[in-house]
Amino acid sequence: MGTNYLAPTWRMPENTNKDKLSNYSIDFDGSSEYIAINDGVTLNSSGYSLSMWFNAASFSSVQCLVFDNSSNIKFISIDSATSIRIRDGVNERSFTVPTMSVSNWYNIIVTVDNGSCKVFLNLTESTSGAP
């Protein structure tokens with residue numbers, strides 16, 4: 001991730017900007033930093049898609065990637081080197097993924113559509129347990 005952003009808030013890219021890296025990334029120290037989304041924004045249980053990159057320093061404890069603390073709690077967490085857990089506000093599912101290694105970059109894509117949930121790790125669909 002880039003470390004040369006101008007403000008601690010997410011900015012939309014502009015064609016006039018020469019340094020596109022600063023428009024798309026924020027550097028976290030792994031301790032207490034996060035992106036806060038306004039209270040009025042929630043993940044809709046009937047359908048949404050999320051895509052993000054992550055690089056874990058350890059898989060020894062649960063690491064939350066996304067958390068929505070609205071009336072129906074929703075989250076995406078890395079539970080272990082082979083498990084990703086999703087709660088879509090109604091159902092909670094664990095997905096088995098190929099073994100991840102520390103200090104490697106991974107892309108996760110989550111889609112929820114009317115109760116159906118899919119997880120892709122590096123574009124490979126993962127298997128799911130029953131909700």
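In this briefing, a contact means heavy atoms within 4.5 Å. The structure is a predicted model, in which local features need pLDDT of at least 70 and side-chain atom pairs count only at pLDDT 80 or more, while totals for chains, interfaces and linings use all residues. Residues are numbered from 1 along each chain as its sequence is written, and side-chain values use heavy atoms, with hydrogens and water left out. The protein has one helix and nine strands, where helices (H or I, at least four residues) and strands (E, at least two) are DSSP runs numbered from the N terminus.

**Confidence**

- The mean pLDDT (the predictor's confidence in each residue, from 0 to 100) is 74 for the protein, and 60% of its residues reach 70 or more.
- Helix α1 (residues 21-24) has the lowest confidence, with a mean of 53, whereas strand β8 (residues 124-125) has the highest, at 91.
- Over residues 1-8 the pLDDT stays under 50, and the model has 18 contacts beyond four places in sequence for them.
- Where pLDDT is low, the predicted coordinates should not be read in detail.

**Overall composition**

- Along the sequence, the elements follow the pattern α-β-β-β-β-β-β-β-β-β.
- Of the 131 residues, 28% are buried; buried means under 20% relative accessible area, exposed over 50%, and partly exposed in between (1.4 Å probe, protein chains only).
- The protein exposes about 8,300 Å², of which carbon and sulfur atoms supply 52%; accessible areas come from the Shrake-Rupley method with a 1.4 Å probe, and for residues only the protein chains shown count as cover.
- Among contacts between residues at least 6 apart in sequence, 42% join residues at least 24 apart.

**Five-strand sheet**

- Five strands form an open sheet in the order β2-β3-β4-β5-β9, with antiparallel pairing; two strands pair if DSSP finds at least two bridges between them.
- Strands β2 (63-68) and β9 are the edge strands, each pairing on one side only.
- Strand β4 (residues 83-88) pairs with β5 in the antiparallel sense over five bridges.
- Within this pairing, isoleucine 86 has arginine 93 of β5 as its bridge partner, and isoleucine 84 has phenylalanine 95 of β5.
- Strand β5 is also joined by two bridges to strand β9 (residues 127-128), and these two run antiparallel.
- Phenylalanine 95 has serine 128 as its bridge partner in β9.
- Arg93 and Phe95 make up the covered face of β5 (residues 92-96), while Glu92, Ser94 and Thr96 make up the uncovered one.
- In a regular strand the side chains alternate between the two faces of the sheet.

**Four-strand sheet**

- A further open sheet, of four strands, has the order β1-β6-β7-β8 and antiparallel pairing.
- Its edge strands are β1 and β8, each of which pairs on one side only.
- Strand β7 (residues 116-121) and β8 run antiparallel and are joined by two bridges.
- The bridge partner of phenylalanine 120 in β8 is glutamate 125.

**Phenylalanine 59**

- Phenylalanine 59 lies in the loop between β1 (47-55) and β2.
- Phenylalanine 59 counts as buried because its relative accessibility is 15%.
- Leaving aside neighbours within four places in sequence, phenylalanine 59 is in contact with Ile78, Ser80, Ala81, Met100, Ser101 and Val102.
- Phenylalanine 59 and isoleucine 78 are 19 residues apart in sequence, and their C-alpha to C-alpha distance is 7.7 Å.
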